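Please open the model in your viewer and keep the selection tool at hand. The stops below are arranged so that each selection leads to the next.

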Amino acid sequence: MRSIGRAAIPLLPRVVDNRPMSDHTMPLPDNVHVITHPLVQHKLTLMRRKDASTSTFRRLLGELAALMTYEVTRDMPMQEVEIETPLERTTGHVIDGKKLVFASILRAGTGILDGMLDVVPSARVGHIGLYRDPQTLQAVEYYFKMPQDMEGRDVIVVDPMLATGHSAVAAVERLARLSPRSIKFVCLLAAPEGIAALHGAYPDVPIYTAAVDRQLSDHGYILPGLGDAGDRIFGTK
Ligand code: URA
């Protein structure tokens, strides 16, 4: 796989008004992809609303995840296959979905998985259990299960919120030890601090997000954000 080396953490510029950063012309590293498709932005805005119900939030997250998967898998390798239509033989193109692993960071990553699996049903799924120590905000691992033979697989790490970046860095660090062919990171919302942390530690890992928000709060919440993604997906608050 490509080297997934650590590097110095670059500082990203901050803005002073409260619009998401994606609304500004902010320079981002080349491999940070903000998915600006109108359908993605529309659904994200509905999800951000505090009066969105649990079922609405969950449904929108699934739809958004499917749309984002379309972008994230754009460069997937394809193979030629000979097929027969009802009229004649022809050559088509297929992907090898089994090579793809969606690595979900528990628990909120689960909310994205279903939508991604709707689009790539043959993908394999791994889980990484990380919780945020409330004092230090550092990621602590409690569970890790991936498919066998990770070499040669393409991994897409999923977590709705790239906040401090601690969980994302811990997950990528753990996965990189298994030497997959590639690692990408997908989230709904990213804070500049999270991008700086993940891109700073793993500059070769592309980040896909629907928006880059303004900043983190003192408690590590993304602002303006959408609140606690896990609570909103599972209705636990
Ligand atoms: N995790 C969340 O669920 N929300 C945030 O804003 C930050 C981290």
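The tour goes from a helix pair to a sheet, then to the ligand and some backbone details.

This is a predicted model, in which local features need pLDDT of at least 70 and side-chain atom pairs count only at pLDDT 80 or more, while totals for chains, interfaces and linings use all residues. Residues are numbered from 1 along each chain as its sequence is written.

**The helix pair**

Select residues 38-48, helix α1, and residues 54-72, helix α2. Helices (H or I, at least four residues) and strands (E, at least two) are DSSP runs, numbered from the N terminus. The two helices pack at an angle of about 155 degrees, with their axes 10 Å apart; axes are lines fitted to C-alpha atoms, for helices over the stretch in contact, and angles run from 0 to 180 degrees between N-to-C directions. The angle therefore makes α1 roughly antiparallel to α2 (the term applies over 145 degrees).

Next, show the side chains at the contact (C-beta atoms, placed from the backbone, within 7 Å). From α1, Leu39, Val40, Lys43, Leu44, Leu46 and Met47 take part, and they meet Phe57, Leu60, Leu61, Glu63, Leu64, Leu67 and Met68 of α2. By class, this contact has 11 nonpolar, no polar and two charged residues. Ala, Val, Leu, Ile, Met, Phe, Trp, Tyr, Cys and Pro count as nonpolar, Asp, Glu, Lys and Arg as charged, and the others, Gly among them, as polar.

**The open sheet**

Move to the open sheet of three strands, whose order is β8-β10-β12 with parallel pairing; two strands pair if DSSP finds at least two bridges between them. Its edge strands are β8 (161-162) and β12 (211-212), each pairing on one side only. Two bridges join β8 to β10 (residues 189-190), and Leu162 has Ala190 as its bridge partner in β10.

**The ligand shell**

Which residues surround the ligand? Select Ala108, Met161, Ala163, Gly220, Tyr221, Ile222, Gly225, Asp228, Ala229 and Gly230, where near means a C-beta atom, placed from the backbone, within 6 Å. This shell has six nonpolar, three polar and one charged residues.

**Backbone details**

Most residues other than glycine have a negative phi, and most peptide bonds are trans. Centre on Arg107, in the loop between β4 (100-106) and α3 (110-119): the peptide bond from Leu106 to Arg107 is cis, with omega near 0 degrees. Then go to Pro224, in the loop between β14 (222-223) and α6 (229-234), which is joined to Leu223 by a cis peptide bond with omega about 0 degrees. Finish at Asp149, between β6 (139-145) and β7 (154-158), where phi is positive, near 50 degrees.

Notes:
Angles under 35 degrees count as roughly parallel, over 145 as roughly antiparallel, 65 to 115 as roughly perpendicular and the rest as oblique. Two residues are in contact if their C-beta atoms, placed from the backbone, lie within 7 Å.
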